[in-house]
Amino acid sequence: MSRRKTERLLGLVVCLLSSPRYLTAVQIRAAVPGYPESFEAFKRMFERDKEELRELGIPLETGLNSSGDDEAGYRIPRQAYVLPEIRLEPDEAAVLSLAARVWRQAELAGAAAGALLKLRAAGVDAEETAETGIEPRLLAGEAAFGPLWEAVRDRRSVTFAYRAVGRSEPQQRHLQPWGVVNRHGRWYVAGHDTVRDAVRVFRLSRIEGDVRFSSPAGSVVVPDGTDVRETVREWDTQPPARRTAILRVRQGAGLGIRRHATVITGSTGAGSTRPADTGAGSTGPADTGAGSTGPADTGRWDTVSVPFSDVSWFAEHVASFGTDVVALEPADLREAVITQLKGALA
């Protein structure tokens, strides 16, 4: 669902929920932003919005305020909209609180946080602990995560371009997704490949471009007894190949990189150790160096060798250090870091 549509539906719900009277279509059009100027276009969009609200389980009523009214109106009765009494055991409330804290990406953070707010409004003790401690985090930085999670939730088929290992060009895939799973820090989607008529697993970091829906909601049927996590585990039997990244790290910085380094070679200054003019991640003139967004630095640098296996994850990790860490080799890692930094700049 687009942001514009989400905001319009939210405005519609707030409008109808806050009014004690039935509101006509003309009144709704004037009160809710996001509807088109043309009344005919408004009526078509409003009809779709009404159906969407009812599919979401929102109790939209139609009626007249008095017998003299010529046009029916709409409202959402507050007593039908509020949550019924919910009883959770302490451990169940704790799991929900943990879910809200674990997820940091918008697709699931909003759902978990929203559930907490509704539970608290209903008087359920689902407070998050105030102690910081060590908190688990799940990151879903791949652009494909959001639409694939939505496709799994709504039982919709998808198509996407996928670059498999060893292939120079991506191939178009047609998938009925069954689930999205995280394994060893990498995200996978499993389902039925309709072209190959077989079960397939795809790593999200290898999906290129947009993920597009190719069937209506409810059209995908997950076979009984399907265990998506086991499907991914059976597919992911080959351990990832270990590779070595050569990085330039500013002295006094990049502790998260240095602690995993196998070799660290000191330097005497930026002049003798800076990478060549085409530094990875450069977003300005060539002489600004890898990862730099401003004038050339004058500090001292170390050359660091670090083992890694997943280019996508490690490129994001390197890019998170900004101008303090420069990717030199291998070339695919270097290009991935450039892409991450250019995306952040954009």
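Visitor: Which residue in β10 is the bridge partner of Leu247?
Guide: The bridge partner of Leu247 in β10 is Val304. Please keep in mind that this is a predicted model.

Visitor: How many bridges pair β8 and β10, and in which sense?
Guide: There are 8 bridges between β8 and β10, and the pairing is antiparallel.

Visitor: And how many bridges pair β8 and β11?
Guide: β8 and β11 pair over 4 bridges, in the antiparallel sense. As an example, Arg248 has Val326 in β11 as its bridge partner.

Visitor: What holds paired strands together in general?
Guide: Strands of a sheet pair through backbone hydrogen bonds, and the pairing can be parallel or antiparallel.

Visitor: In what order do the strands of this open sheet come?
Guide: The order is β9-β10-β8-β11, which gives an open sheet of 4 strands with antiparallel pairing. The edges are taken by β9 (263–265) and β11 (325–329); each has a single partner strand, so one side of each has no neighbour in the sheet. From one strand to the next, the twist averages 25°.

Visitor: How many bridges join β9 to β10?
Guide: β9 is joined to β10 (residues 301–308) by 3 bridges, and the two strands run antiparallel. Within that region, Thr265 stands opposite Thr303 in β10.

Visitor: Is β8 largely enclosed or left open, and why?
Guide: β8 is largely enclosed by the rest of the structure, because 6 of its 8 residues are buried.

Visitor: Which helices lie across β8, β10 and β11?
Guide: Helix α11 (residues 311–319) lies across these strands, running at about 5° to β8. Helix α12 (residues 331–345) also lies across β8, β10 and β11, and its angle to β11 is about 145°.

Visitor: Changing topic, what is the strand order in the sheet of 5 strands?
Guide: That open sheet has the order β6-β5-β4-β3-β7, with antiparallel pairing. Its edge strands are β6 (198–203) and β7 (207–213), each of which pairs on one side only. The twist there averages 40° from one strand to the next.

Visitor: What joins β4 to β5?
Guide: Strand β4 (residues 171–183) and strand β5 (residues 186–193) run antiparallel and are joined by 8 bridges. Arg183 stands opposite Arg186 in β5.

Visitor: Which helix touches β4, β5 and β6?
Guide: That is helix α8 (residues 228–235), which packs on the sheet with its direction at about 110° to that of β4. Helix α7 (residues 145–154) lies across β3 (158–162), β4, β5 and β7, and runs at about 85° to β4.

Visitor: Which residues of α7 are buried?
Guide: The buried residues in α7 include Phe145, Gly146, Leu148, Glu150, Ala151 and Val152. After α7 comes Arg155, which has a positive phi near 60°.

Visitor: Back to β4: is Arg173 buried or exposed?
Guide: Arg173, which lies in strand β4, counts as buried because its relative accessibility is 8%, and the cut-off for buried is under 20%.

Visitor: What is Arg173 in contact with?
Guide: Leaving aside neighbours within four places in sequence, Arg173 is in contact with Val158, Thr159, Phe160, Tyr162, Asp193, Arg196 and Phe202.

Visitor: Now the start of the chain. At what angle do α1 and α3 pack?
Guide: Helix α1 (residues 3–18) and helix α3 (residues 39–55) pack at about 75°, and their axes are 11 Å apart. That angle makes α1 roughly perpendicular to α3.

Visitor: Which residues meet there?
Guide: From α1, the residues are Lys5, Arg8, Leu9, Leu12 and Val13; they meet Met45, Phe46, Asp49, Glu52 and Leu53 in α3. By class, this contact has 6 nonpolar, no polar and 4 charged residues.

Visitor: Finally, how many helices and strands are in the protein?
Guide: The protein has 12 helices and 11 strands. Of its 346 residues, 39% are buried. The accessible surface comes to about 19,900 Å², and carbon and sulfur atoms account for 51% of that surface.

Visitor: What share of contacts join residues at least 24 apart?
Guide: The share is 63%, counted among contacts between residues at least 6 apart in sequence.

Notes. Residues numbered from 1 in each chain as written. Predicted model: local features only at pLDDT ≥ 70, side-chain atom pairs only at ≥ 80, totals over all residues. Heavy atoms only, no water. Pairing = 2+ DSSP bridges. Axes fitted to C-alpha atoms, helices over the stretch in contact; angles between N-to-C directions. Contact = heavy atoms within 4.5 Å. Parallel < 35°, antiparallel > 145°, perpendicular 65-115°, else oblique. Nonpolar A, V, L, I, M, F, W, Y, C, P; charged D, E, K, R; others polar. Buried < 20%, exposed > 50% of the residue type's maximum accessible area, 1.4 Å probe, protein only. Areas by Shrake-Rupley, 256 points an atom, 1.4 Å probe, with all protein chains shown as cover.
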